[in-house]
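Reader: I am new to this structure. Please show me how to read its features, one at a time.

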Amino acid sequence: LRTAAARTTSSSGGGGGGKSQNRRQPAGRTCKRTVAMARIAGLALALALAAPRCRGFALRAKPKATGAATGASRTQYFLDTADVAEYARWLPTGMFYGVTTNPLILQRAGLPCDLETVRRLHDACIEDYGMEVFMAQAWGGTTEALVECGKNLAAIGGEGGTLVVKLPLTKEGVAAAAQLRCGLCMTTCYAPHQVLTSCAVGAEYVAPYLGRLGDAGRDGMGLVGQMQAIADNQAGDAETRVLVASIRDAEQMADLAAQGCDTFTFSPAVAAQLFGEELTLNAAADFEAAALGTPPVPAAPAASVTAPTMDLASMGVSEALLSRLPSEARAGAGGAPPAAPAPPSFPSGTGPLEEEYFDETLEELGGEAWFREEEPPAPASGGLNGEGGAMPPPPPYEGELWDEELDAVPEDDIL
């Protein structure tokens with residue numbers, strides 16, 4: 001502006017009429033252009049000064065990623081471990097966005113919970129394997145201690161902001177989150193309303209513990225799905241991601257993804273499950289065999305399905321009834337089927353009535369009714385109970401089992 005004003009003054013005060021008139025016009029145009037450029041530069045400067053005030057959501061200068069997932073997908077995988085050997089095994093796959101830790105994970109890996117340990121793990125994750133984010137949890141029983149620890153942890157990530165500080169969803173942790181100016185992940189989330197709290201303090205992530213919710217007898221899948229819906233409804237310029245933690249198997253991730261979840265942290269054991277699909281492995285082996293011109297690898301035979309066995313004796317079934325079960329039912333109950341006892345015999349010259357025959361049979365079986373195909377033997381002589389007349393043979397009975405003591409057992413397991 002000062003240069004343009006000087007030019008204007010110079011042109012107005014010197015030279016002849018024609019020449020000075022010709023100079024004034026270009027100087028005026030230069031002045032207008034300079035003013036416009038100054039306004040644009042001032043606006044850009046104001047935006048640059050305001051950007052750091054946006055607590056963890058200012059654009060970060062990302063390091064050049066060599067192993068991190070940097071595509072257009074919203075899905076983010078984190079490896080939940082402090083074992084650098086597992087870093088070497090899984091991070092080069094390119095599907096992970098970062099690594100998560102906490103004091104318990106450090107303890108299980110035999111590492112001390114201090115700043116130097118966190119720095120070493122962070123550098124291995126970011127510099128050696130090109131991850132985008134490393135998460136470490138602040139420790140301290142008070143708000144002041146959490147703030148101080150959080151600042152020291154965030155400093156490890158430097159200007160790139162590659163270290164996200166984890167804080168518990170306690171009163172002290174939320175108060176510390178409000179004072180920190182760095183990327184945040186609110187942990188120990190067990191209730192949907194805690195997602196709202198995490199959004200209110202501007203956290204980048206909130207981490208519900210799926211497995212521990214189930215261990216506590218709660219509907220973990222349903223609660224996490226509800227949390228994701230809340231986060232989606234709150235999403236704006238400052239988005240809070242639901243980082244599902246404490247995952248026990250890969251199928252849980254698939255079920256949650258169907259409910260809208262897209263951010264997960266899991267152990268190396270769950271990572272191995274992502275590559276353990278047998279049909280995929282067989283198909284890949286066939287492709288390799290075809291490329292080499294060799295016969296395809298035969299598929300492994302399907303495992304034989306065996307019927308479940310039940311300990312019927314422990315369920316109150318008497319030995320007498322077990323001995324009369326059909327062979328397939330006895331085999332399902334465990335062990336070889338015992339030999340069936342001989343049918344009851346009656347003294348010569350007597351023939352019990354039909355009702356008496358069943359009464360005696362029930363008595364012998366201890367109360368369980370067992371209908372057999374055999375008919376009661378005909379009397380040798382005489383009639384009903386030896387009093388003359390022929391006793392008609394009883395009608396044939398179909399061989400079937402009826403046991404009133406096993407009402408609670410499904411029929412398919414017995415018959």
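Author: Start with helix 11. Its buried residues pack against strand 1 (76–80), helix 9 (210–215), helix 10, strand 7 (241–244), strand 8 (263–266) and helix 12 (268–273). Packing here rests on contact, which means heavy atoms within 4.5 Å. Helices (H or I, at least four residues) and strands (E, at least two) are DSSP runs, numbered from the N terminus.

Reader: What kind of model is this, and how are residues numbered?

Author: This is a predicted model, where local features need pLDDT of at least 70, side-chain atom pairs count only at pLDDT 80 or more, and totals for chains, interfaces and linings use all residues. Residues are numbered from 1 along each chain as its sequence is written, and side-chain values use heavy atoms, with hydrogens and water left out.

Reader: Which residues of helix 11 are buried?

Author: First the term. Buried means under 20% relative accessible area, exposed means over 50%, and partly exposed lies in between (1.4 Å probe, protein chains only). In helix 11 (residues 250–257), the buried residues are Ala-250, Gln-252, Met-253 and Leu-256. They sit on the same side of helix 11, because they cover an arc of only 155° around the axis. The arc is that of the directions from the helix axis to the C-beta atoms.

Reader: How many helices and strands does the protein chain have?

Author: The protein chain has 16 helices and ten strands. Of its 415 residues, 36% count as buried. Take the contacts between residues at least 6 apart in sequence: 58% of them join residues at least 24 apart.

Reader: Which residues of helix 8 are buried, and which are exposed?

Author: Helix 8 covers residues 193–200, and Gln-194, Val-195 and Ser-198 are buried there. Their arc around the axis is only 105°, which puts them on the same side of helix 8. His-193 and Ala-200 are exposed on the other side. The buried residues of helix 8 pack against strand 5 (184–189), strand 6 (205–208) and helix 10 (220–234).

Reader: How do I describe two packed helices?

Author: Use the angle between their axes and the distance between the axes. Axes are lines fitted to C-alpha atoms, for helices over the stretch in contact, and angles run from 0 to 180 degrees between N-to-C directions. Angles under 35 degrees count as roughly parallel, over 145 as roughly antiparallel, 65 to 115 as roughly perpendicular and the rest as oblique. Now the case. The axes of helix 8 and helix 10 come within 9 Å and cross at roughly 30°. Helix 8 and helix 10 are therefore roughly parallel to each other. Val-195, Leu-196 and Cys-199 of helix 8 make the contact with Met-227, Ile-230, Ala-231 and Gln-234 of helix 10. By class, these contact residues are six nonpolar, one polar and no charged. Ala, Val, Leu, Ile, Met, Phe, Trp, Tyr, Cys and Pro count as nonpolar, Asp, Glu, Lys and Arg as charged, and the others, Gly among them, as polar.

Reader: At what angle do helix 6 and helix 7 cross?

Author: Helix 6 (residues 143–157) and helix 7 cross at roughly 45°, and their axes come within 8 Å. Helix 6 and helix 7 are therefore oblique to each other. Thr-143, Leu-146 and Val-147 of helix 6 meet Glu-172, Gly-173, Ala-175, Ala-176 and Gln-179 of helix 7. The contact has four nonpolar, three polar and one charged residues.

Reader: Where does Leu-169 lie?

Author: Leu-169 is in the loop between strand 4 (163–168) and helix 7 (171–179). Leu-169 counts as buried because its relative accessible area is 14%. Beyond its neighbours within four places in sequence, Leu-169 is in contact with residues including Met-186, Gln-194, Ser-198 and Val-206. Leu-169 and Val-206 are 37 residues apart along the chain, and their C-alpha atoms are separated by 9.1 Å.
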